[in-house]
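Dear colleague,

I am handing over the structure we spoke about, and I would be grateful if you could look through it with the notes that follow.

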Amino acid sequence: MASENAQILPNVKRIFLVLSGKGGVGKSTVSTQLALTLQNCGFKVGLLDIDLCGPSIPRMLGLENSSVHQCAQGWVPVYTTPDQTLGVMSVGFLLANKDDPVVWRGPKKTAMIKQFLTDVYWQDLDYLIIDTPPGTSDEHISVMENLKSVRCDGAILVTTPQAVAVGDVRRELTFCRKTGLNVTGILENMCGYVCPHCSECTNIFSYGGGESLAEMGKVPFLGRIPIDPKLTKAMECGENFITSFNESVATQTFISIVKNFIIQQEENIDGSENQ
């Protein structure tokens, strides 16, 4: 179990949370692609999956049959490549059977999240992306309480264009403000469908809900990710979508988010701190 005096993420430079008030909007997909994009930009990245009841990230990265090992410093994350530039930790690695449900009450979830934040030996990281479950419940409160001693650099809120999803994400925005969590911006996912034959994008859902919420909440709008069959297939097969389809609209949007809202934000912060 995590030690009461264990230091929280001592060698991690930047921490970003991926949040949404609603399930099924693609938080895990966004978290995975942001981590892969940062890795592709030359950074050393960690991806922490605290969606304890729905740990899908191991499959998305082709790591389903991997397991976590112990070292003197704690748990060793599972790495996607031999150069160890992207490490992953998920409760999915700890299940004896991938079909086993995680039926835990709040205190056990809280203890597990604390252990993830204190007992994983990430080594030196440039960025840690934390993928959260939907809502504003035990897991989110546990993360925020445990990160009080370190700076959490921002939250990326994910929504789909429909009014129902936007309404739930509005509550997530309120949660961020009440807990003092800086909002990096809002990303509108599943915005239109990209035809695999002609690449034309058709808006099968409504359009612009995420951008409208960003304007209303006075936070940056990060962009739109269309429904792309290639992205869906890559997630199911554990393929690196960012490197395999680097000309796609989705890939270019993730690159833009990373360069304009994550890396640039940190350069601005570093510059202001050095003045």
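Which side chain meets that of Arg-224 in a salt bridge? The partner is Glu-188, with 3.6 Å from N to O, where a salt bridge is taken as a side-chain nitrogen of Lys or Arg within 4 Å of a carboxyl oxygen of Asp or Glu. This pair links distant parts of the chain, since Arg-224 lies in strand E11 and Glu-188 in strand E9, 36 residues apart. Salt bridges with shared partners also join Glu-188, Glu-211 and Arg-224 into one network.

Before going further, please keep in mind that this is a predicted model, in which local features need pLDDT of at least 70 and side-chain atom pairs count only at pLDDT 80 or more, while totals for chains, interfaces and linings use all residues. Residues are numbered from 1 along each chain as its sequence is written, and side-chain values use heavy atoms, with hydrogens and water left out.

Salt bridges

By the rule above, the count comes to five salt bridges. Within the pair already described, Glu-188 counts as buried because its relative accessibility is 0%, whereas Arg-224, at 21%, is partly exposed; buried means under 20% relative accessible area, exposed over 50%, and partly exposed in between, with a 1.4 Å probe and protein chains only.

Arg-14 forms a salt bridge with Asp-153, and their closest N and O atoms are 3.6 Å apart. Here too distant parts of the chain are linked, with Arg-14 in strand E1 (residues 12–19) and Asp-153 in the loop between helix H4 (138–146) and strand E8 (154–159), 139 residues apart; helices (H or I, at least four residues) and strands (E, at least two) are DSSP runs, numbered from the N terminus. Both Arg-14 and Asp-153 are buried.

Asp-168 and Arg-171 meet in a salt bridge at 2.2 Å, N to O, and they are separated by about one helical turn because they stand three residues apart in helix H5 (residues 163–178). Asp-168 is buried, with a relative accessible area of 16%, whereas Arg-171 is exposed at 54%.

The largest pocket holds about 340 Å³ of space. It is lined by 16 residues, of which Thr-29, Met-60, Leu-231, Thr-232 and Met-235 are the closest to its centre. A pocket here is an open set of points on a 1 Å grid over the protein atoms alone, where a 1.4 Å probe fits and protein lies on both sides within 12 Å along at least five of seven lines, and lining residues have an atom within 4 Å of a point. Helix H7 (229–237) is among the elements that supply at least two residues of this lining, and H7 gives the most, with four. By class, the lining of the largest pocket has seven nonpolar, six polar and three charged residues.

The second largest pocket has about 250 Å³ of space. Of the 13 residues that line it, Pro-55, Pro-58, Glu-64, Gly-92 and Lys-98 are the closest to its centre.

Surface patch

Tyr-193, Ile-204 and Phe-205 make a nonpolar surface patch of about 250 Å², a patch being built from residues with over 30% relative accessible area and no salt bridge, with nonpolar side chains joined within 5 Å and like charges within 9 Å. Phe-205 sits in the loop between strand E10 (201–202) and helix H6 (209–217), and Phe-205 counts as partly exposed because its relative accessibility is 32%.

With best wishes

Technical notes: Areas by Shrake-Rupley, 256 points an atom, 1.4 Å probe, with all protein chains shown as cover. Points joined across faces, edges and corners; volume = space filled by probe spheres on them. Nonpolar A, V, L, I, M, F, W, Y, C, P; charged D, E, K, R; others polar.
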